[in-house]
Amino acid sequence: MQHQAAVAYQATAKTVETPRDREAALLIKSAATMQNLRDNWPTDFEVLRNGLTFNRKLWTIFMSSVTREDNPLSAPVRQNIANLGMFILNETREILLDPVAPNRLDPLININRQLAAGLRGN
């Protein structure tokens, strides 16, 4: 019975969640994953790769969205998001090539948190 209530709640939550809310939630999820990686620097490279891959995929989707002609955001906002995405993709590549310093995740974590806060209106 409790499981059915949880399923019903999740279905309702998904129908009332806005795209901005979903984007913010995904950015927070990715930031939390990277914060955990930073706090517990993995000895297994695959753990690091998996965490960074999720963030890279998320930003690839954002970049794809803002470069579409039918995107309703203003051109300067779209350009800023694309620039952030390029920075994130480049930083991710550099971290994966030389994964020696956990603090290299800080900019990625901070960007995700700040953008999520903006999407939520904080």
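Me: What pattern does the chain follow, read along the sequence?
Reply: Read from one end of the sequence to the other, this predicted model follows the pattern α-α-α-α-α. In terms of counts, the chain has five helices and zero strands.

Me: OK, and how much of the chain counts as buried?
Reply: The chain has 122 residues, and 28% of them count as buried.

Me: What share of the contacts join residues at least 24 apart?
Reply: If you take the contacts between residues at least 6 apart in sequence, 70% of them join residues at least 24 apart.

Me: Let's go inside, then. Which residues touch the most other members of the largest nonpolar core?
Reply: That core has 22 residues, and the ones touching the most other members are Leu27, Leu48, Leu52, Trp59, Ile95, Leu105 and Leu108. The elements that contribute two or more residues to this core are H2 (19-39), H3 (45-66), H4 (75-97) and H5 (106-120), each of them a helix.

Me: Which one gives the largest share?
Reply: Helix H3 does, with six residues of this core. As general background, nonpolar side chains in soluble globular proteins tend to be buried together.

Me: What does leucine 108 touch?
Reply: Setting aside residues up to four places away in sequence, leucine 108 touches Met34, Leu52, Ile88, Glu91, Thr92 and Ile95.

Me: Switching to packing: at what angle do H2 and H3 pack?
Reply: Helices H2 and H3 pack at about 155°, and their axes are 10 Å apart. Since an angle over 145 degrees counts as roughly antiparallel, H2 and H3 are therefore roughly antiparallel to each other. The crossing in which H2 passes H3 is left-handed.

Me: Which residues make that contact?
Reply: From H2 the contact draws on Glu23, Leu26, Leu27, Lys29, Ser30, Thr33, Met34 and Leu37, while H3 supplies Val47, Leu48, Gly51, Leu52, Phe54, Asn55, Leu58, Trp59 and Phe62. Sorted by class, the contact of H2 with H3 has eleven nonpolar residues, four polar ones and two charged ones.

Me: Serine 30 is in there. Is that residue buried or exposed?
Reply: Serine 30, which lies in helix H2, has a relative accessible area of 0%, so serine 30 is buried. Not counting residues up to four places away in sequence, serine 30 touches Phe54, Asn55, Leu58 and Asn112.

Me: And H3 with H5, how do their axes cross?
Reply: The axes of H3 and H5 come within 12 Å and cross at roughly 45°, which means that H3 is oblique to H5. Here too the handedness can be given, as H3 passes H5 in a left-handed crossing. The residues making the contact are Leu52, Asn55 and Trp59 of H3, together with Leu108, Ile111, Asn112 and Leu115 of H5. By class, the contact of H3 with H5 has five nonpolar residues, two polar ones and no charged ones.

Me: How many residues apart in sequence are isoleucine 81 and methionine 63?
Reply: Isoleucine 81 and methionine 63 are 18 residues apart in sequence, and in space they are 6.9 Å apart, taken from C-alpha to C-alpha.

How values were computed
Residues are numbered from 1 along each chain as its sequence is written. This is a predicted model: local features need pLDDT of at least 70, side-chain atom pairs count only at pLDDT 80 or more; totals for chains, interfaces and linings use all residues. Side-chain values use heavy atoms; hydrogens and water are left out. A nonpolar core is a set of buried Ala, Val, Leu, Ile, Met, Phe, Trp, Tyr and Cys residues joined through side-chain atoms within 4.5 Å. Buried means under 20% relative accessible area, exposed over 50%, partly exposed in between (1.4 Å probe, protein chains only). Helices (H or I, at least four residues) and strands (E, at least two) are DSSP runs, numbered from the N terminus. Contact means heavy atoms within 4.5 Å. Axes are lines fitted to C-alpha atoms, for helices over the stretch in contact, and angles run from 0 to 180 degrees between N-to-C directions. Angles under 35 degrees count as roughly parallel, over 145 as roughly antiparallel, 65 to 115 as roughly perpendicular and the rest as oblique. A crossing is left-handed if the near helix is turned anticlockwise from the far one by less than a right angle, and right-handed if clockwise. Ala, Val, Leu, Ile, Met, Phe, Trp, Tyr, Cys and Pro count as nonpolar, Asp, Glu, Lys and Arg as charged, and the others, Gly among them, as polar.
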